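Here is a short briefing on one protein model with a ligand. Please look over the sequence and the structure before reading on.

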Amino acid sequence: MRFFALGLLAMAACSPTGPVAVFPKSFQFGFATIAYQSEGSLRGDGTRVASNWSEWDELGKIKGGQHNDHGNGFFEGYTTDLDLAASLGANAFSYAIDWARLEPAPGVFDDAELGRIVAIVQAMRARKLRPVIVMFHWVTPTWVQSPKQGIDLLSRSDRAFAEAFVPLVDHVVPALAGLVDDWLTFEEPYSIVGAEYLAGLHPPGKFLDIKSSQRALVNLMYLHARTYHHIHQLDTQDADGDGVAAFVGFENLALESVPLDATSPDDVQAAKHFDYIVNHQFMKGIWEGDIDVDLDGRADNLKTDPPEGHDEELRHTLDFIGLNYYQRMRVEAGGILSKVAPFFGTPHLDVREYDTTLPHSDRYWEISSPGLRTVIEEYSKYGLPMNITENGEADLDDDERPFYILDHLRKAGEAIAAGYDIRGYYYWTISDNFEWNDGIEPRYGLFQVDFTKPNFPRTRTPRAADVFEEVAKRGAIDRALWDRIALPSYPVGPP
Ligand code: BGC
């Protein structure tokens, strides 16, 4: 039955006049956002949340000295964004909670904040948006990580970080168990260690601190595994009646990694190593239970800190994989990180460093929709369902983004037709928000936000919102839409 249905999808997608892609009825067309980026650091009463990120902006570390007080107004106005998402035909919405708001001191929970999250989730359900909750997305209370006080549990060699997180899981999950089935433990281990301990861009702002980055990766494996097990213990209520009470994954930064110079054996080797680090080292930990600290593909070095080895607690702690796919990375075997073990080969470049004539976002991220298919194929080796938990383009003019969305959706549709188990596509993000250390400059939203006005008014993007809406409402990419939106300059084949 399943193969018959897939065959029909494939036939429909291949016919020269039929739709370019057809999605299964159950396909999730969603939006993703997170508390900190859309709500900022102020509480309803005007006091400041004490977090690693509120300190980071107090320390003047955000571009141009910006402060993220209110995000994009989601704190007060979340129903606006949920209405907008539903109006575009979305049937799912992913939201990451903010640990710092919820647990300002160890074991002390803010019930009003938890109540607000319950209300947000109820508001999603009232709009037929399937709620997806992300438990950890980079923001910690200052008792966990404080750039001002030099506190950092994440880089310790014991399990303090994961142990500190478990009480939050135990507090939040029961309150949402009857409303939520889809959970993500946390997101993007490599982005965390890359920005916090290697590039110094995110708190605690360490530069090439290899030891901390290695410890952090392992601590995140334990945060993930413990959260996974606790969610399964605590959420035994099937909220949507499909027979599954809890479906738990994590989001990995899925990058297509290609050598800058395909004829250079060193670049080829560097790209392979980078692919392993970003896409597979963490998976090895939480899927096979093998902790590879020195990033050599094995888990047999007892001299690393922490020592490598196998841990059954970590193994098979995934029900699905969330792929956050944005771009292609070109990797070259030169530059500072290529000399630093074990991150050999990590220098990845953005397009301004090699060829600005290639399609790219406002942030100079090279666009490659075929790369989405590449990472889907790569990750399929784990034999798990996949969900495209984030995909998006920063594009103030909204000139390339319509096609960006359309062609990534097309790749997802083609992959489904070819038999890959892709459950959904979540666009990052519904309304422009605060992009970490880059502040409000990068504009990802399908609704543009005027950050100068107190109520943060939204304006629909001229074209990209139409594309999402048309595909989500039809459950297909019609050829007329394709013909209207396709950009001839993109290196993609005809459908
Ligand atoms: C992160 C988001 C971020 C987006 C765009 C994603 O990988 O999860 O927090 O806003 O990238 O940079």
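Which residues surround the ligand? They are Gln 37, Glu 187, Glu 188, Ser 191, Leu 253, Asn 324, Glu 390, Trp 428 and Glu 435. A residue counts as near a molecule if its C-beta atom, placed from the backbone, lies within 6 Å of it.

**Basis and confidence**

- This is a predicted model: local features need pLDDT of at least 70, side-chain atom pairs count only at pLDDT 80 or more, and totals for chains, interfaces and linings use all residues.
- Residues are numbered from 1 along each chain as its sequence is written.
- The protein has a mean pLDDT (the predictor's confidence in each residue, from 0 to 100) of 93, and 93% of its residues reach 70 or more.
- Over residues 1-14, pLDDT stays under 50.
- For that stretch the model has 16 contacts beyond four places in sequence, a contact being two residues whose C-beta atoms, placed from the backbone, lie within 7 Å.

**Ligand shell**

- By class, the shell holds 4 charged, 3 polar and 2 nonpolar residues.
- Here Ala, Val, Leu, Ile, Met, Phe, Trp, Tyr, Cys and Pro count as nonpolar, Asp, Glu, Lys and Arg as charged, and the others, Gly among them, as polar.
- Two members of the shell, Asn 324 and Glu 390, are also bridge partners, with Glu 390 sitting in β13.

- Strand β11 covers residues 320-331. Helices (H or I, at least four residues) and strands (E, at least two) are DSSP runs, numbered from the N terminus.
- Of the 12 residues in β11, 12 are buried. Buried means 20 or more other C-beta atoms within 10 Å of the residue's own, exposed means 12 or fewer, and partly exposed lies in between; C-beta atoms are placed from the backbone.
- β11 pairs with strand β8 (residues 247-259) in the parallel sense over 10 bridges; two strands pair if DSSP finds at least two bridges between them.
- Glu 251 has Gly 322 of β11 as its bridge partner.
- Strand β13 (residues 386-391) also pairs with β11 in the parallel sense, over 4 bridges.
- Strand β12 (residues 348-349) runs antiparallel to β11, and 2 bridges join them.
- Leu 349 in β12 stands opposite Arg 330.
- In a regular strand, side chains alternate between the two faces of the sheet.

**His 408**

- His 408 lies in helix α12, residues 401-417.
- His 408 is buried because 24 other C-beta atoms lie within 10 Å.
- Leaving out residues up to four places away in sequence, His 408 touches Ser 369, Leu 372 and Asn 391.
- Ser 369 is 39 residues from His 408 in sequence, yet 5.3 Å away in space, C-alpha to C-alpha.

**Backbone points to check**

- The peptide bond from Pro 203 to Pro 204 is cis, with omega near 10 degrees.
- Pro 204 sits in the loop between α8 (189-198) and α9 (210-234).
- Leu 208 is found in the loop between α8 and α9, and has a positive phi of about 50 degrees although it is not a glycine.
- Leu 208 is partly exposed, with 14 other C-beta atoms within 10 Å.
- From Asp 305 to Pro 306 the peptide bond is cis, with omega near -5 degrees.
- Pro 306 is placed in the loop between β9 (290-291) and β10 (309-310).
- Trp 436 has a positive phi near 50 degrees and lies in the loop between β14 (422-427) and β15 (447-449).
- Trp 436 is buried, as 20 other C-beta atoms lie within 10 Å.
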